[in-house]
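Work through the exercises below with the sequence and the model side by side, and try each task before reading its solution.

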Amino acid sequence: MPKDAPVNTGTLPQLPLGSRRRVSEMQAKLHRWAAADPGRRFDDLFNLVHDPATLLMAFGRVAGNQGANTPGVDGITVAHVEEFVGVPGFLDDLRVALKEETFRPLPVRERKILKPGGSGKVRKLGIPVIADRVVQAALKLVLEPIFEADFVPVAYGFRPMRRAHDAIAEIHHYGTQGYRWVLDADIEACFDSIDHTALMDRVRRRVKDKRVLALVKAFLKAGVLTEDGDLEDTHTGTPQGGILSPLLANIALSVLDEHLHEPWRPGGTMSTAYLRGRRRVNGLPRWRIVRYADDFVVLVHGTQTHVEAIREDVARVLAPMGLRLSAAKTQIVHMSDGFDFLGFHIRWKRKRGTNKWHIYTFIADRPVRSLKAKIRALTNRKSQQNPGAVLTRMGQISRGWANYFKHAACKRTLSSLSHFVWWRVIRWLRALHRWTWKDVRRRFTTPDGRWRPITVDGIALFNLASVPVTRYRYRGNTIPNPWTLPAKRLTAATVESPVR
C-alpha cells in the first residue's frame, strides 16, 4: 500500500446504523489500516472530523464530562446550549464553520487549582469553550485509533482499556524478576513545556491532511485568558483541561517509550529471555519503562551506575521535545528503600517471620493524608450541615478511594481509617446535637451492647474496613484493544479513553 494513501471514506457505512455504531466502525477501520501499515500517512481525515455522527458523539462526550457546566471565556455551558440554542442547531453551525474553514478556537480560560497532597502548589488548567471542546473530542475520536496502533504497551495513562493498576502490576511483575533499581523520574511542567514544532512533527508522521494539522496547531496556539484578565500567547505546551491534551501528550512522550522499549521489540537486544539472560551474564543492564501520562519510572536490572547512565539518556531523548527532568524530584532509588508511584508505595522487603523477600504494594502516605483532610473538613465540629448529606458525601469519597486502593496490601490501613472516620463522625454528631456519651450509646448500640452502624435518616456510614482486599492480576501484553474486539462488545467505555 502506498505510504501516503488517502482514507477510503467511501467504504464507510452509509446506512442509518446510529451515530455510535457508525463512529465505532470508522475507528475500527482506521486502527486496522494504521496497524497494517506502520508507515502510512492518513489523508482526507477532515471529512471524518466534521461528519455529523462524529460531532454528535463528540458532543455526548463533552456533555457527559464533569466540567460540562463549567464555562469557557464565552460563558456558555452545555446546559445553555441544550436549553437556549438546541443541540442540532449548535452542531449544524459548528459543522458549517468547520467545512468552510472559518472555525477559529478561542483562548482557554485559566483556572488555578491546588495540587493534591497538601504541598500548596497550584496546577494551571485551561478550560476551552464548548464549541472547542466538541471539535477537540471529534479530533480525538478520529486520531486516537491511528496513534494507538503505534503506542507501545508500556504506556498506560489516558489510553482505552488501560488503567493505573496495570502500571502498578507491571512494576510488581518486573520487580520480582530482579529489576530492583528504579529511576523515579519527574518531568518539569510537562504539559506546559512541550515544544509545538516537535509535537507537530510527531503528528505529521501519521497525518497528511493539512486541514487536520492546521486544526491541531490552532488549538495549540489558541492562547490563554489568565485569571487576571490578560490574554497570553501559548508558544509551548498543551493546556491541561482540554480533551485533546492527553492524546497530544502521549504522542509527544511516545518518543521516550519508543527509545527505551526498542530493545524489547522483535530482533532487539532484549527481545527474548535468552538474550536478556546473556546480558546479565555479560554484566550489561536490562531495563523496562512504565509510564502513566507524564509520570514514569524506569526499572533496571543492573547497578546504580547503569541507572545513572539511563537517566542521562532519558534527558537527552526528552530535550528535543522541549522537556527536561526535574533535578529536585527525579531520584534513583533501590526497591528495598521503596518509592511512591500513582498513589502507591512499592517496596521490596522481607516477609515477616521468614527470610523471604517480596515486592509489596502499599498505600502511600499522601493519599491517606488527603483522605483524612477531606473527612476532617466534612466533620468540622462547628459545621451545621445536614448529617444525611454529610454521610452521603463521605460515602462517595470513601468508596471511590477504597476501590482505587483495594488492590494494595492495605487491610490494616483500611481498618485504621475506618476507626478514624467513626470517631470523627461520632464527635461531630455529639457537638452538633449536644449529645452525651450516654445518648450516643442509646442510639447506636443494640440492647445487648453491640455497636450498630451509624445511620442518619436511613443513610449508613460507609465502613472502609468492609472493602475486600484483592490482588490485581498482571495483564501484560494481553490487554485488549477496543477496535479489535467483536462489534457486540464495543461500548462507550471501550471505544473511548477517559478524559483527564
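A salt bridge is a side-chain nitrogen of Lys or Arg within 4 Å of a carboxyl oxygen of Asp or Glu. This is a predicted model, in which local features need pLDDT of at least 70 and side-chain atom pairs count only at pLDDT 80 or more, while totals for chains, interfaces and linings use all residues. Residues are numbered from 1 along each chain as its sequence is written, and side-chain values use heavy atoms, with hydrogens and water left out.

**Exercise 1. Salt bridges**

Task: find which residues are linked with arginine 211 in a network of salt bridges, and state whether arginine 211 is buried, partly exposed or exposed.

Solution. Begin with the total, which is 18 salt bridges in the structure. In one of them the side chain of aspartate 44 meets that of arginine 211 at 3.7 Å, N to O. Aspartate 44 lies in the loop between helix H1 (19–36) and helix H2 (46–49), whereas arginine 211 belongs to helix H10 (residues 210–220), so the pair ties together parts that are 167 residues apart in sequence. Helices (H or I, at least four residues) and strands (E, at least two) are DSSP runs, numbered from the N terminus.

Next, arginine 211 also meets aspartate 209 in a salt bridge, at 3.4 Å, N to O. Asp44, Asp209 and Arg211 are therefore linked in a network of salt bridges.

For the last step, buried means under 20% relative accessible area, exposed over 50%, and partly exposed in between (1.4 Å probe, protein chains only). Arginine 211, with a relative accessible area of 31%, is partly exposed, while aspartate 209, with 2%, is buried. Another salt bridge joins aspartate 448 and arginine 450 (3.6 Å, N to O); aspartate 448 is exposed at 57%, and arginine 450 is exposed at 60%.

**Exercise 2. The nonpolar core**

Task: identify the residues with the most contacts inside the largest nonpolar core, and the helix that gives the most to this core.

Solution. A nonpolar core is a set of buried Ala, Val, Leu, Ile, Met, Phe, Trp, Tyr and Cys residues joined through side-chain atoms within 4.5 Å. The largest one has 140 residues, and Leu45 and Val134 have the most contacts inside it. Helix H6 (residues 130–148) gives the most to this core, with 12 residues. Contact means heavy atoms within 4.5 Å, and, leaving aside residues up to four places away in sequence, valine 134 touches Leu55, Ala58, Phe59, Val62, Phe90, Leu91 and Leu94.

**Exercise 3. Helix H11**

Solution. Because 16 of its 17 residues are buried, H11 is largely enclosed by the rest of the structure.
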